[in-house]
Amino acid sequence: MSFKNRGGGGGVEGNSKSFISQKWTLFLCIASFCAGMFFTARMWTVPETKGGITRTTNVEAERLNLVSEGCNTKFLQQKDVKFVSKDVIGEDSKTHHALQTLDKTISNLEMELAVAKSAQESILSGAPISEDIYKGDSPKKRKYFMVVGINTAFSSRKRRDSVRATWMPQGEKRKKLEEEKGIIMRFVIGHGATLGGILDRAIEAEDRKNGDFLRLDHVEGYLELSAKTKTYFATAVKLWDAEYYVKVDDDVHVNIGTLAETLARHRKKPRVYIGCMKSGPVLAQKGVRYHEPEYWKFGETGNKYFRHATGQIYAISKDLASYISVNQHVLHKYANEDVSLGAWFIGLDVQHIDDRRLCCGTPPDCEWKAQAGNVCVASFDWTCSGICRSVDRLKEVHRRCGEGEKALWKAAI
């Protein structure tokens with residue numbers, strides 16, 4: 001009532017204010033109701049926890065993940081790639097290691113297969129299986145100083161007997177040489193064109209008597225000397241773990257003790273090739289001795305070969321013998337065996353050691369040098385590419401130029 005009794009003319013203004021307040025009041029009520037519904041809906045989407053495990057809808061989970069990562073989808077892609085990359089790298093490393101192990105296993109199996117194949121072929125050919133094959137297949141091979149392979153042929157029985165009677169120890173002495181000095185000595189020969197033929201049976205009988213042969217998987221023949229040399233080194237390095245491998249012809253006189261001491265001076269050098277180095281002419285004319293069918297590879301007519309050791313006797317270190325063994329299937333063979341060996345090393349970092357004591361002449365040359373205190377390692381006649389009439393003369397050469405039996409056992413190696 002007091003409101004109506006206020007000053008005159010105020011009634012219309014008061015009604016207007018009352019009318020506006022009611023409209024705003026209604027508007028605010030509606031707005032409040034909508035706001036309440038909005039916040040109520042938001043509250044219902046808050047994750048519920050049950051048993052300590054948070055539960056949300058898939059859509060809400062995606063929204064929360066986007067918010068937590070700053071809504072950066074590029075970041076999410078990079079993160080996924082990072083995890084995938086780590087997994088791929090880890091798997092790749094495992095695969096690489098597995099492949100390396102497999103390669104090593106295959107390599108070992110190939111070596112064992114080669115030994116087994118050699119033994120099988122010996123059985124099929126009727127040849128006795130050398131105990132050296134089993135020694136070479138053992139996981140822990142004994143260390144030797146040198147292996148001396150004496151190149152021989154089916155027709156050289158008398159030459160072999162003369163060598164046995166002079167500079168090659170026999171029986172228990174040869175076994176003692178292997179045990180005490182680590183020096184292996186064997187006559188090296190392959191098989192005949194007909195396996196198990198009369199030639200092979202003769203060698204088998206001789207080997208049963210003396211036990212001093214190394215049989216090769218090789219068909220004998222004069223024009224196959226390069227192939228025989230390659231097979232010899234490949235076979236010897238598998239059978240015996242030695243520092244040096246020597247090849248010598250059966251018509252050459254050798255002082256084994258002096259040879260051992262000579263090689264021992266170079267034992268700390270890698271990739272050693274020791275012999276009497278020469279550089280003879282390349283013979284293009286057919287029909288002459290030492291004719292080279294591939295003469296054109298060495299340049300113009302009249303050119304000389306590269307430096308290489310003469311074929312009567314030479315020695316190589318283990319790493320070079322291993323190189324021949326590993327690469328024997330791709331090493332080219334020239335007509336002359338000594339040229340072939342030199343060619344295999346020409347592109348390698350090899351130390352060529354020219355020692356003229358490996359190519360002394362027969363008496364009086366080697367005798368004078370021995371009297372002067374310079375004992376020769378090997379003696380032969382250049383005119384015969386060995387000792388002329390070696391069967392008849394080898395004993396004389398040994399008597400006049402030999403180092404003496406005590407020198408062998410006293411050799412410092």
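**A look into the core**

Mentor: Happy to! Within the largest nonpolar core, which has 44 residues, the members that touch the most others are Met146, Trp167, Val254 and Leu263. Two or more residues come from each of strand 3 (143–151), strand 4 (183–191), strand 6 (241–249), helix 9 (256–264), strand 8, strand 9 and helix 13 (390–401). Helix 9 gives the largest share, five residues. Please keep in mind that this is a predicted model.

Let's take Leu263 next. Leaving aside residues up to four places away in sequence, Leu263 touches Phe145, Met146, Tyr244, Val246, Ile274 and Ala315. Apart from this core lies another one, of 27 residues, including Val188, Val237, Ile324 and Val350.

Now for strand 6. Eight of its nine residues are buried, so strand 6 is largely enclosed by the rest of the structure. Strand 6 pairs with strand 3 in the parallel sense, over eight bridges; here Val148 has Val246 of strand 6 as its bridge partner. Strand 6 also runs antiparallel to strand 9, and five bridges join the two. Tyr244, for example, has Ser317 in strand 9 as its bridge partner.

Finally, a glance at the outside. On the surface, Tyr222, Leu223 and Tyr290 make up a nonpolar patch with about 390 Å² of accessible area together. Tyr290 sits in the loop between strand 8 (272–278) and strand 9 (308–317). Its relative accessibility is 36%, so Tyr290 counts as partly exposed.

Definitions and conventions. Residues are numbered from 1 along each chain as its sequence is written. This is a predicted model: local features need pLDDT of at least 70, side-chain atom pairs count only at pLDDT 80 or more; totals for chains, interfaces and linings use all residues. Side-chain values use heavy atoms; hydrogens and water are left out. Patches are made of residues with over 30% relative accessible area and no salt bridge: like charges are joined within 9 Å, nonpolar side chains (Val, Leu, Ile, Met, Phe, Trp, Tyr) within 5 Å. Accessible areas come from the Shrake-Rupley method with a 1.4 Å probe; for residues, only the protein chains shown count as cover. A salt bridge is a side-chain nitrogen of Lys or Arg within 4 Å of a carboxyl oxygen of Asp or Glu. Helices (H or I, at least four residues) and strands (E, at least two) are DSSP runs, numbered from the N terminus. Buried means under 20% relative accessible area, exposed over 50%, partly exposed in between (1.4 Å probe, protein chains only). A nonpolar core is a set of buried Ala, Val, Leu, Ile, Met, Phe, Trp, Tyr and Cys residues joined through side-chain atoms within 4.5 Å. Contact means heavy atoms within 4.5 Å. Two strands pair if DSSP finds at least two bridges between them.
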